[in-house]
Amino acid sequence: MSELTHHSPGRSALQGVREAIPLLGGYIPVALSFGLVASQAGFSTLEAAAISLLIYAGASQFLFVGMIATGAPLWLVVALTLLINVRHVVYGPNLAHLLPRSRHWPWLMHGLTDQVFALALTRLPQLPEAKRFCWFVGASLFVWAAWVVFTMVGATAGEAFTARWPLLGEIMPFALPALFLTMVAPRFTDKRWAAAMGMTIAAALGLTLVGGSNVAIPLGAACGALCFYTVKFQKGRRPQ
C-alpha cells in the first residue's frame with residue numbers, strides 16, 4: 001500500500017510532535033528564563049502563562065514585561081511588540097504554497113514561530129499534501145504547549161532554583177540573547193550582514209546609554225536594515 005493509504009490525522013499530528021521535539025532544546029531554557037523574569041518583575045504565574053499563551057513570542061514577551069515593569073505607556077508597549085513581530089508577515093506567504101486551504105489557518109498561524117517556520121519550511125515539501133495540515137497542527141501546538149508549561153515552571157520554581165544556585169539567576173536571563181546569537185552568528189561571515197548587524201548593535205547600545213532604552217531595539221533594527229540596503233561591498237577581482 002502507498003503512504004497515503006496509511007495516512008490518518010492522528011498519525012500525521014504525532015509525526016509533527018516527534019519532529020518538533022528537538023526544538024525544545026531552545027524553547028525550554030528561554031521559557032524558564034521568561035517565567036523567572038516575569039516573576040521578578042511582579043507578574044503572577046497565571047499572568048506570565050497568559051502572556052506566553054497570547055503573545056507567544058520570546059523577544060516580544062521580554063520586551064513587554066520589561067517595559068510594563070518600568071512604567072512605559074501602554075501604546076508604546078503594544079506598538080513595539082507588534083513591530084518586533086512584523087517579521088511573521090513574511091513567514092505566512094512563504095509557507096502558503098506548501099499548505100492546503102483551511103478555514104483554521106487564521107488561528108493556527110499564531111503558532112508560527114521562528115523555529116517552527118524553519119522546521120516547516122524544511123519538512124513540508126517532503127510530506128504528501130494530505131499529511132501537511134495535521135503535521136503542522138501537531139508540531140505547532142506541541143511546542144506552544146511546552147512554551148506555556150515551562151513558563152509556568154520558571155515563574156513558580158525559578159526563585160527556588162536561583163536561591164539555591166545564585167549563578168543560575170545570572171545565566172537564565174541570557175538564554176534568549178544566546179539563542180538569537182547562535183542564529184545570527186553565521187551571518188557575520190558575510191561583510192554586508194556583518195556591517196548591518198554591527199550597526200544594529202552599535203545603535204541599540206548608543207540609544208540605551210543615552211536613556212532611549214524603550215526605543216533602542218526597533219530603532220537599532222531600523223538602522224541595521226538601512227545599512228544593509230545602502231552599503232554595498234565590491235567583490236574582489238581575481239588575480240590575472
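A residue is counted as buried when its relative accessible area is under 20%. In the present predicted model, Ala120 has a relative accessible area of 0% and is therefore buried. This residue lies in helix H8. Not counting residues up to four places away in sequence, Ala120 touches Leu95, Pro125, Trp135 and Phe136.

Helix H8 (residues 114-123) packs with helix H6 (residues 88-96) at an angle of about 20°, the axes lying 11 Å apart. Angles under 35 degrees count as roughly parallel, and H6 is therefore roughly parallel to H8. The crossing of the two helices is left-handed. On the H6 side the contact is made by His88, Tyr91, Asn94 and Leu95, and on the H8 side by Asp114, Phe117, Ala120 and Leu121. Five of the residues in this contact are nonpolar, two are polar and one is charged.

The largest nonpolar core comprises 47 residues, and those with the most contacts inside it are Tyr27, Val65, Leu95, Leu124, Trp135, Phe136 and Val143. At least two core residues are supplied by each of helices H2 (24-40), H3 (45-54), H4 (58-69), H5 (74-84), H6, H7 (105-108), H8 and H9 (129-164). The greatest contribution to this core, ten residues, comes from H9. Trp135 touches Ser12, Ala13, Gln15, Gly16, Glu19, Leu119, Ala120, Arg123, Leu124 and Leu127, residues up to four places away in sequence not being counted.

How values were computed:
Residues are numbered from 1 along each chain as its sequence is written. This is a predicted model: local features need pLDDT of at least 70, side-chain atom pairs count only at pLDDT 80 or more; totals for chains, interfaces and linings use all residues. Side-chain values use heavy atoms; hydrogens and water are left out. Axes are lines fitted to C-alpha atoms, for helices over the stretch in contact, and angles run from 0 to 180 degrees between N-to-C directions. Helices (H or I, at least four residues) and strands (E, at least two) are DSSP runs, numbered from the N terminus. Angles under 35 degrees count as roughly parallel, over 145 as roughly antiparallel, 65 to 115 as roughly perpendicular and the rest as oblique. A crossing is left-handed if the near helix is turned anticlockwise from the far one by less than a right angle, and right-handed if clockwise. Contact means heavy atoms within 4.5 Å. Ala, Val, Leu, Ile, Met, Phe, Trp, Tyr, Cys and Pro count as nonpolar, Asp, Glu, Lys and Arg as charged, and the others, Gly among them, as polar. A nonpolar core is a set of buried Ala, Val, Leu, Ile, Met, Phe, Trp, Tyr and Cys residues joined through side-chain atoms within 4.5 Å. Buried means under 20% relative accessible area, exposed over 50%, partly exposed in between (1.4 Å probe, protein chains only).
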